Amino acid sequence: MIRKCIILSAILTISFLSSCKDDETEAPIETEEITFTKEGEATLLKPNGDTIQQIDIEIADNSYERQTGLMYRESMEDDQGMLFIYDNEAPRAFYMKNTYIPLDIIYFAADSTAVSFQKNAQPQDETSLPSGEPAQFVLELNAGLADDWNIEVGDKIDFKRVD
């Protein structure tokens, strides 16, 4: 009987402690929206030099920026993109963890020539999206723009930083 009372008392104590809350209502944490910051301009070019499209770019050229990329963004304009710059040419792979907008991912070799695409990458999908070929530069655009602008393997990217 005493054993049953001790067990019942323990259960009631645990239930009480686990159901106790502060009187304050838990409010959702407000975070500031991440907005586009123009850090450069990029021009997409056909091999003959004809301009395909000019866009404003954010530049991801350090480890933190490359790991974060476009995560947590709610939107991006069609004349904007993010350019990832690496120190060397190597096989690359991206994924869409914590990325809320669908993207086209274009991989460029060290000579700025497009070597492959991952089109219409789906938000929050953690599937690896490999370059297939070594790449030194990677451009992320809103999904569908690579097709709309007729960007093809062999096209080039030219970019510059702005102050």
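A: I106 is in contact (heavy atoms within 4.5 Å) with A114, S116, F117, F137, V138, L139, L141 and I151, leaving aside its neighbours within four places in sequence. The model is predicted, so local features need pLDDT of at least 70 and side-chain atom pairs count only at pLDDT 80 or more, while totals for chains, interfaces and linings use all residues. Residues are numbered from 1 along each chain as its sequence is written, and side-chain values use heavy atoms, with hydrogens and water left out.

Beyond residues up to four places away in sequence, L141 touches I55, M76, Q80, G81, P102, L103, D104, I106, W149 and I151. M76 stands 65 residues from L141 along the chain, yet their C-alpha atoms are separated by 8.3 Å.

Both I106 and L141 belong to the largest nonpolar core, which has 20 residues (such a core is a set of buried Ala, Val, Leu, Ile, Met, Phe, Trp, Tyr and Cys residues joined through side-chain atoms within 4.5 Å). L44, F108, L139, W149 and I151 are, with these two, the residues with the most contacts inside this core. Two or more of its residues come from each of β1 (40-45), β2 (51-60), β3 (80-90), β5 (103-108), β6 (114-121), β8 and α3 (145-148). The largest share, four residues, is given by β2. A second, separate core of 16 residues includes M76, Y86, L103 and A135.

Strand β1 is largely enclosed by the rest of the structure, because five of its six residues are buried. On one hand, β1 runs antiparallel to β2, joined by six bridges (two strands pair if DSSP finds at least two bridges between them), and L45 stands opposite T51 in β2. Five residues lie between the strands of this hairpin, where G49 takes a positive phi near 100°. On the other hand, β1 pairs with β9 (residues 156-161), also in the antiparallel sense and over six bridges; there, the bridge partner of L44 is I157.

In the protein as a whole there are three helices and nine strands, and buried residues make up 36% of its 163 residues.

Note on methods: Buried < 20%, exposed > 50% of the residue type's maximum accessible area, 1.4 Å probe, protein only.
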